Amino acid sequence: MKLLLDTHVWLWAVLTPERLAAAARQAVEDPHNIILISAASAWEISVKHAIGKLPLPESPELLVPRAIAALGAFELPMTARHAISSAALPYHHRDPFDRLLVAQALCEGAALVTVDELLTRYGATLLWAGS
């Protein structure tokens, strides 16, 4: 199964895995699953850290590649198809990072691993990560 990790889930999986629901943690750790990390998440982490909204134990330049490698994940680039699909989504959620992640999950046939209840309204396959 392909799993696209929402930004906060990705950070939890690497920095505080105990915050993840057992089923989500097992799915992320299952070697049969393909873990995807969106370039949008790296962008979101970098932006939020730069403006002081996201404290991190190290700079995004160090943390992001380490966090991708720690999960044996694959980077998912942002494409024009993803951007156009994101803009076509209904406005249930106004956060552009989350909208892009939903569009990517839909385009790539991946389950989005999240705790954001607003994302349930999009019809994407979700794996609930909250406890």
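This is a predicted model: local features need pLDDT of at least 70, side-chain atom pairs count only at pLDDT 80 or more; totals for chains, interfaces and linings use all residues.
Residues are numbered from 1 along each chain as its sequence is written, and side-chain values use heavy atoms, with hydrogens and water left out.

Let's start with the helices (DSSP runs of H or I, at least four residues, numbered from the N terminus). The axes, lines fitted to C-alpha atoms over the stretch in contact, of helix 3 and helix 6 come within 9 Å and cross at roughly 165 degrees, on a scale from 0 to 180 degrees between N-to-C directions. That makes the two helices roughly antiparallel (over 145 degrees).

Here is who meets whom, with contact meaning heavy atoms within 4.5 Å:

| Helix | Residues | Contact residues |
|---|---|---|
| Helix 3 | 39-50 | Ala40, Ser41, Trp43, Glu44 |
| Helix 6 | 96-108 | Phe97, Leu100, Leu101, Gln104 |

Now for the cores: sets of buried (under 20% relative accessible area, 1.4 Å probe, protein chains only) Ala, Val, Leu, Ile, Met, Phe, Trp, Tyr and Cys residues joined through side-chain atoms within 4.5 Å. The largest one has 25 residues, and Leu5, Trp10, Ile35, Ile37, Leu71 and Val113 touch the most other members. Helix 1 gives the most to this core, with six residues. Val113 touches Leu3, Leu4, Leu5, Asp6, Val9, Ala24, Leu127 and Ala129, leaving aside residues up to four places away in sequence. A second, separate core has 13 residues, including Leu36, Ala103, Ala110 and Tyr122.

How values were computed
Angles under 35 degrees count as roughly parallel, over 145 as roughly antiparallel, 65 to 115 as roughly perpendicular and the rest as oblique. Buried means under 20% relative accessible area, exposed over 50%, partly exposed in between (1.4 Å probe, protein chains only).
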